[in-house]
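Have the viewer open as you read.

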Amino acid sequence: MIINLNGQSKELTEPITVTELIEQLNLKGPLAVEINKMICPKASHHETQIKPGDTLEIVTIVGGG
Amino acid sequence: MIAEQNTFKLGPYEFSSRLFVGTGKYETFELMQQALEASGAEVVTVAVRRERLYDDQERNILDFIDRDRYTLLPNTAGCFNAEDAIRCARLGRELLEVEWVKLEVLADKQTLLPDPKGTLEATETLVKEGFTVLVYTNDDPVMAKHLEEAGATSVMPAAAPIGSGQGVLNPNNIRIILERANVPIIVDAGVGTASDVTVAMELGAEGVLLNTGIACAQDPVRMATAMKHAIEAGYLAYRSGRIPKKLYATASSPWEGTITSHAGS
């Protein structure tokens with residue numbers, strides 16, 4: 001399936017949860033996930049299935065003023 | 001210098017340092033760490049950005065900020081409409097598990113001036129969602145009042161455009177904002193050097209938030225130290241009852257007993 005991840009399209013093999021995607025991307029730092037403009041809370045990452053056409057944002061913290 | 005340890009409240013938090021510093025634009029995380037330490041700040045701002053998924057993982061800034069010591073304040077910098085700023089605030093809350101946000105809704109990239117319409121709209125929504133909103137705004141007393149009425153915990157008028165280093169451009173407006181405010185006013189952005197911070201504090205601001213003035217100084221750690229003293233100096237001076245400005249001189253030494261060669265003077 002194709003999803004939009006951080007503004008770019010990405011092909012994923014179904015089925016896949018948010019936790020599995022984070023592992024696949026090898027993201028180890030602090031992050032937050034938004035799916036279709038709604039927060040996907042940390043506690044739900046493991047049970048949230050990503051669906052075709054979903055728009056995901058995975059964000060972290062950087063320096064800022 | 002005598003340090004006065006008067007604390008002040010911002011939403012659920014209580015602080016003694018009135019200097020709030022950003023964490024952007026430092027050459028290294030180590031330099032940032034030293035500057036934070038020298039500034040004496042207790043609140044540091046950070047930004048929310050997309051993970052760089054296809055690069056090597058860089059070190060994360062949070063590994064360089066002791067969260068037992070500093071309270072992190074996520075911002076919505078880079079958002080140009082209310083919707084993006086609201087999403088950004090929610091992401092920051094989810095990431096850092098904090099209930100507050102430094103709200104910025106900007107108009108365009110050249111001026112980085114706040115967009116009043118989007119700023120007010122985002123403030124109203126985020127307040128309803130339970131956020132403690134510290135809102136960046138222009139130095140407009142009318143807008144400041146609107147934001148206060150919308151439920152902002154602190155209104156943060158700009159001294160000058162973000163990163164411009166011009167200092168307090170319109171002290172009269174800041175003074176009017178301060179006179180009429182019922183919430184803490186923190187002067188945010190545009191500060192270039194220590195005296196700018198002191199000017200803001202002498203006007204009666206609750207605190208000053210700055211980033212570039214320290215991070216882009218040639219010696220950020222020394223400038224952070226200067227800013228710390230500047231905050232204290234302005235805070236004390238404002239509460240000391242300064243003398244009125246006069247047109248003519250007033251001698252400090254007594255006239256009586258002055259030696260003189262002119263008889264009768």
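Two strands count as paired if DSSP finds at least two bridges between them. Strands (E, at least two residues) and helices (H or I, at least four) are DSSP runs, numbered from the N terminus. With that in hand, look at Ile61(A), which stands opposite Val48(B) in β4(B). β5(A) and β4(B), residues 43-50 of chain B, run antiparallel and are joined by five bridges.

A word on the source: this is a predicted model, where local features need pLDDT of at least 70, side-chain atom pairs count only at pLDDT 80 or more, and totals for chains, interfaces and linings use all residues. Residues are numbered from 1 along each chain as its sequence is written, with chains lettered from A and ligands numbered from 1 in the order in which they are written.

Now the wider contact (C-beta atoms, placed from the backbone, within 7 Å): chain A puts in 22 residues and chain B 27 residues. On the chain A side, β3 (32-35) and β5 (55-63) each supply at least two residues, and β5(A) gives the most, with seven.

| Helix | Residues | Among its contact residues |
|---|---|---|
| α1(B) | 29-39 | Leu31(B), Gln34(B), Ala35(B) |
| α8(B) | 220-238 | Pro220(B), Val221(B), Ala224(B) |

Their axes (lines fitted to C-alpha atoms over the stretch in contact, with angles from 0 to 180 degrees between N-to-C directions) are 7 Å apart at an angle of about 20°. α1(B) and α8(B) are therefore roughly parallel, a label for angles under 35 degrees.

Key: Two residues are in contact if their C-beta atoms, placed from the backbone, lie within 7 Å. Angles under 35 degrees count as roughly parallel, over 145 as roughly antiparallel, 65 to 115 as roughly perpendicular and the rest as oblique.
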